[in-house]
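Subject: Structure handover

Hello,

Here is the structure for you to look over. My notes on what turned up in it follow.

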Amino acid sequence: MSPERLDRPSSDPLFGRLFPPLAAGVPWALDRVAAALAELGEPHCLYPTLHVGGTNGKGSVAATLATVLTAAGFRTALYTSPHLCSFRERYQVDGTAIDEVRLTAVADAIRQLVSAHGLTFFEAATVLGFQAFARERVDVAVIEVGLGGRLDATNVVTPLVSVVTNVALDHTEYLGTSLPGIAAEKAGIAKPGVPFVTAERDPALLEVMRARCAEVGAPFHPLPPDRVQDVDIAADHTSFTVTTRGWGSFRLTTPLVGGHQALNAALAVEALEHLPADLRPSARDVLAGVAWVRWPGRDQIERVDGRTWLFDVAHNPAGVRSLVDVLDRVQLPRPLVALVGVLADKEWREMLPLLLGRVDRAFLTQPPSASLDRRWDPRAVEAAVRSLLPADYPLTTVLDFAGALAIARRTAGEGTVVVTGSCHTVGDALRLLGKCPISG
């Protein structure tokens with residue numbers, strides 16, 4: 001069945017204005033999207049694409065690819081999901097969200113088609129993006145996979161390069177609990193003759209991807225383990241040395257924080273090397289684009305109202321391990337006070353002990369933008385994890401999100417508030433603090 005409930009703009013008024021109520025509970029497949037796009041004249045074929053999947057880091061890689069291509073002078077589209085504050089975040093051209101008036105005009109033009117083909121929310125959002133980018137006359141588009149890969153609505157593209165960042169347990173109700181099985185789903189974006197690059201390092205999972213690429217005739221290019229060297233992590237950047245085939249060895253700096261972001265940037269560089277000559281950026285473009293990338297809510301550290309905040313959308317154990325690595329490497333003002341809101345279908349039993357062992361105090365709360373069917377019960381969660389913590393560990397549940405944010409801010413004093421657990425939690429906090437990436 002369709003995984004639609006995993007990506008619904010339950011509190012975003014814009015989507016309600018764009019489309020009528022859409023289909024739900026329908027089989028997960030590509031035929032509806034393909035038919036709708038065919039009726040529109042195949043807008044996704046009017047510009048070259050790069051296709052980015054994986055469990056964690058795919059948004060960071062996609063954003064880096066898009067920023068480098070923009071730096072190279074190409075009018076570059078970026079399609080991502082989910083959003084933090086506004087539905088428009090999903091549709092960017094040269095780093096700017098498409099104007100609401102123009103986006104609404106495209107939605108108006110395809111509204112009847114969306115209903116006629118029975119598209120689900122993510123299918124409609126994807127078709128809207130492909131058509132909007134065609135209307136914007138982009139030179140190239142970077143398309144992020146929504147979920148999985150093989151059956152994801154974005155998998156109608158035949159890209160210039162396919163990217164899978166890594167494989168970890170997430171969305172197990174749809175992708176299964178076997179890592180090789182999940183790897184096979186993600187490798188489902190491989191296409192005949194299209195270079196396939198990945199930063200995955202597990203030999204067994206690499207073999208799954210290699211087999212899929214061999215089956216369809218896709219050149220397979222795993223990122224060599226020694227490609228990234230001398231990583232330096234600070235509160236506002238990550239610097240590292242990367243070795244390339246075409247550009248030699250050079251030092252890159254990304255404003256995205258964490259050792260995992262060095263790997264993500266290196267994977268983006270590897271993907272760019274496989275582009276045809278007329279789209280391949282120069283070394284100068286790579287340096288500039290990596291330095292300019294902006295991807296909010298991913299170990300985003302900044303000062304707000306006189307104190308330090310860290311916003312990170314970590315929503316599975318692998319993501320929390322990356323967040324914890326940042327907390328270990330970057331000296332943030334203490335105390336560290338965590339504001340945590342996880343969705344009910346996530347592995348919070350594994351996530352919370354990892355995080356709580358690194359912070360001084362934590363508050364569990366309920367992000368209001370999460371749909372009712374995905375909300376966890378923080379009180380029950382607190383009771384469940386108490387046995388895993390020291391008896392005197394200061395863990396408190398505050399159901400009201402705005403109240404929890406205010407208490408965490410007050411408790412942190414001159415220290416740091418760590419907001420994490422989901423895109424909903426981070427987005428809701430950024431909205432209350434007036435720090436949303438875009439408004440409206």
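Strand β2 (residues 76–79) runs parallel to β5, and four bridges join the two. Strands pair if DSSP finds at least two bridges between them. Leu 78 has Val 142 as its bridge partner in β5. Strand β1 (residues 49–53) also pairs with β5, in the parallel sense and over four bridges. There, Val 52 stands opposite Glu 144 in β5.

A word on the basis. This is a predicted model, with residues numbered from 1 along each chain as its sequence is written. Local features need pLDDT of at least 70 and side-chain atom pairs count only at pLDDT 80 or more, while totals for chains, interfaces and linings use all residues; side-chain values use heavy atoms, with hydrogens and water left out. Helices (H or I, at least four residues) and strands (E, at least two) are DSSP runs, numbered from the N terminus.

Is β5 buried or exposed? Five of the five residues of β5 (residues 140–144) are buried, so the strand is largely enclosed by the rest of the structure. Buried means under 20% relative accessible area, exposed over 50%, partly exposed in between (1.4 Å probe, protein chains only). Both faces are covered. Val 140, Val 142 and Glu 144 lie on one side, Ala 141 and Ile 143 on the other.

Three of them form an open antiparallel sheet in the order β9-β10-β11. β9 (228–233) and β11 (249–254) are at the edges with a single partner strand each, so one side of each lacks a neighbour in the sheet. On average, neighbouring strands here are turned by 15° against each other, direction ignored. β10 (residues 238–243) pairs with β11 over six antiparallel bridges. Thr 243 has Ser 249 of β11 as its bridge partner. Helix α9 (residues 259–273) packs on this sheet and touches β9, β10 and β11 (contact: heavy atoms within 4.5 Å). The direction of α9 makes about 135° with that of β9. Axes are lines fitted to C-alpha atoms, for helices over the stretch in contact, and angles run from 0 to 180 degrees between N-to-C directions.

Last, a helix pair. α14 (residues 401–412) and α15 (residues 423–432) pack at about 75°, axes 11 Å apart. That makes α14 roughly perpendicular to α15 (65 to 115 degrees). Phe 401, Ala 402 and Leu 405 of α14 meet Thr 425, Asp 428, Ala 429 and Leu 432 of α15. The residues of this contact divide into five nonpolar, one polar and one charged. Ala, Val, Leu, Ile, Met, Phe, Trp, Tyr, Cys and Pro count as nonpolar, Asp, Glu, Lys and Arg as charged, and the others, Gly among them, as polar.

Best wishes

Technical notes: Parallel < 35°, antiparallel > 145°, perpendicular 65-115°, else oblique.
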